[in-house]
Amino acid sequence: MISGSALRKLEAITGLEATKLSVGYQLKYGSGVGFYSAKKDEKAACEELRRANWKRIQGIVGERQGWRCFQCGRITELQAHHVIFRSRWRREDGPLDHESNVRMECQRCHQAEHGIK
């Protein structure tokens with residue numbers, strides 16, 4: 001089963017409240033209840049919750065931006081971009097995988113943000 005320290009880490013990464021259930025795990029956001037996992041393996045359960053949360057965030061950010069690139073306004077090849085990069089993130093920066101730290105960018109602008117030509 002998932003440990004208390006793993007739940008706290010998951011909460012720090014997602015910015016959501018994580019809870020262990022008898023049949024799995026859940027993330028709570030706003031007034032809704034999030035994603036369930038019946039997996040018993042702690043690492044697999046955490047990863048499943050993170051993936052489900054990431055898809056939810058992409059939808060929220062995409063809707064917020066009108067499904068356009070934050071930089072140039074393109075509507076194709078959109079990708080989610082962490083404002084504070086994963087490699088530079090610290091827990092005290094706030095949640096990594098949270099809509100406040102994500103914006104949608106087209107592939108060209110996203111690569112430029114990371115110094116890729």
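The model is predicted. Its chain contains three helices and five strands, arranged along the sequence as α-β-β-β-α-β-β-α. Of the 117 residues in the chain, 37% are buried.

**Overall fold and surface**

- Among the contacts in the chain with a separation of 6 or more, 52% are made by residues 24 or more positions apart.
- The chain exposes about 6,900 Å², and carbon and sulfur atoms contribute 52% of that area.
- R51 belongs to helix α2, and with a relative accessibility of 44% it counts as partly exposed.
- The C-alpha atom of R51 lies 9.8 Å from that of D97, although the two residues are 46 positions apart along the chain.

- Strand β5 spans residues 102-106 and is mostly covered, with five of its five residues buried.
- In a regular strand, side chains alternate between the two faces of the sheet.
- In β5, V102, M104 and C106 point one way, while R103 and E105 point the other way; all of them are buried.
- Strands β4 and β5 run antiparallel and are joined by five bridges.
- Q79 has E105 of β5 as its bridge partner.

**Salt bridges**

- The structure holds four salt bridges.
- One of them joins the side chains of R56 and E99, with an N to O distance of 4.0 Å. This pair links distant parts of the chain, since R56 is in helix α2 and E99 is in the loop between β4 and β5, 43 residues apart. R56 counts as buried because its relative accessibility is 15%, under the 20% limit.
- E105 and R103 form another salt bridge, at 2.8 Å from N to O, and both residues are buried.
- R103 and E105 also belong, with E113, to a network of salt bridges.
- The side chains of E77 and R74 meet in a salt bridge of 3.6 Å, N to O. R74 is partly exposed at 26% relative accessibility, and E77 is partly exposed at 46%.

**Cysteines**

- A search of the whole structure finds zero disulfides.
- C69 is in no disulfide, and the nearest cysteine sulfur, that of C109, is 3.7 Å away.
- For C109, the closest cysteine sulfur is in C106, at 3.6 Å; this is too far for a bond, because a disulfide requires the two sulfur atoms to be within 2.5 Å.
- C69 counts as buried at 5% relative accessibility, and C109 is buried with a relative accessible area of 14%.
- C106 is buried too, as one of the β5 residues.

- W67 has a phi near 55 degrees, a positive value in a residue other than glycine. W67 lies in the loop between α2 (42-64) and β4 (78-82).
- W67 counts as partly exposed because its relative accessibility is 38%, between the 20% and 50% limits.
- E77 is not a glycine either, and its phi is positive at about 55 degrees. E77 is likewise placed in the loop between α2 and β4.
- E77, which carries this positive phi, is the residue whose side chain meets that of R74 in a salt bridge.

Technical notes:
Residues are numbered from 1 along each chain as its sequence is written. This is a predicted model: local features need pLDDT of at least 70, side-chain atom pairs count only at pLDDT 80 or more; totals for chains, interfaces and linings use all residues. Side-chain values use heavy atoms; hydrogens and water are left out. Helices (H or I, at least four residues) and strands (E, at least two) are DSSP runs, numbered from the N terminus. Buried means under 20% relative accessible area, exposed over 50%, partly exposed in between (1.4 Å probe, protein chains only). Two strands pair if DSSP finds at least two bridges between them. Contact means heavy atoms within 4.5 Å. Accessible areas come from the Shrake-Rupley method with a 1.4 Å probe; for residues, only the protein chains shown count as cover.
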